[in-house]
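Here is a short report on one structure. Look over the sequence and the model first, then read on.

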Amino acid sequence: VKEFQMQLIATVAEAVGKLQSKFTLKYESSPAARISRLRGIPPVAGKILWAKQMERQVQTLMERMSNVLGPNWGQQLEGRQLRKTCDELLAKLDARAFFRNWIREWEKDLTSATTSKLNSYPVIIGHEKNKGRDGQLVAMVNFDEKTELLFKEIRHLKWLGFGKEIPRTLTMVADESVKRYPYAVAVKTALRSYQAVRVLITPELEGLVMPQLLEIRELISEAFDV
């Protein structure tokens, strides 16, 4: 019996060690993260699902120990270190801690965003970062695509049981983002088309299309009159 118990402890310890290694490698670089992206699961919700899955695996291993060695297996000499290792890993797999960190990061972002007057303009002027034209000033739609991700996160986090703990401020931002998204995409497409065509207009041709260019510039300038 003693030999069987020691074999069980060794088997469980090996399984827990593998789970520790998975945690050490972090979710972001794990196969689970790649699968979540393919399934359209946002990062924080995916990380919580990953942590909960590993948490269940650790608890299952602990139940095996309890069923064979009794409920006080963690107090026995042979199982004491294993119980300590399991408890430490469970503490690191705290899904609620991941959720709270996400809330804090978003609240920090929202606080800094509300202090900037630029956030009230539908269109802003910024540096282009595309196709070797870095640094060129262009008109861009003032829509943070992170807010679209926020909506997806909230939807999945509600499915995971965190609905009542999500601040109303974040929910309102996400709802507003969903309403603005189609318009943001339309404006973004229009600006890209304008910029692509503008590059093709040579100084010799500019005079021929100047009325149209001025009309477009007037439309864009209206976006700053808010």
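Is the crossing of H1 and H4 left-handed or right-handed? The crossing is left-handed, a term for a near helix turned anticlockwise from the far one by less than a right angle. This is a predicted model, where local features need pLDDT of at least 70, side-chain atom pairs count only at pLDDT 80 or more, and totals for chains, interfaces and linings use all residues. Residues are numbered from 1 along each chain as its sequence is written, and side-chain values use heavy atoms, without hydrogens and water.

Helices are DSSP runs (H or I, at least four residues), numbered from the N terminus. The axes of H1 and H4 come within 11 Å and cross at roughly 25°. Axes here are lines fitted to C-alpha atoms over the stretch in contact, with angles from 0 to 180 degrees between N-to-C directions. H1 and H4 are therefore roughly parallel, the term for angles under 35 degrees.

Contact means heavy atoms within 4.5 Å. The table lists the residues that make this one.

| Helix | Residues in the contact |
|---|---|
| H1 | Ile9, Val12, Ala13, Val16, Leu19, Gln20, Phe23 |
| H4 | Leu82, Thr85, Cys86, Leu89, Lys92 |

Buried means under 20% relative accessible area (1.4 Å probe, protein chains only). In H1 the buried residues are Leu8, Ile9, Val12, Val16 and Leu19. Their cover includes helices H3 (43-69) and H4 (80-92). After H1 comes lysine 26, with a positive phi near 75°.

Methods
Buried < 20%, exposed > 50% of the residue type's maximum accessible area, 1.4 Å probe, protein only. Helix = DSSP H or I, 4+ residues; strand = E, 2+ residues; numbered from the N terminus. Parallel < 35°, antiparallel > 145°, perpendicular 65-115°, else oblique.
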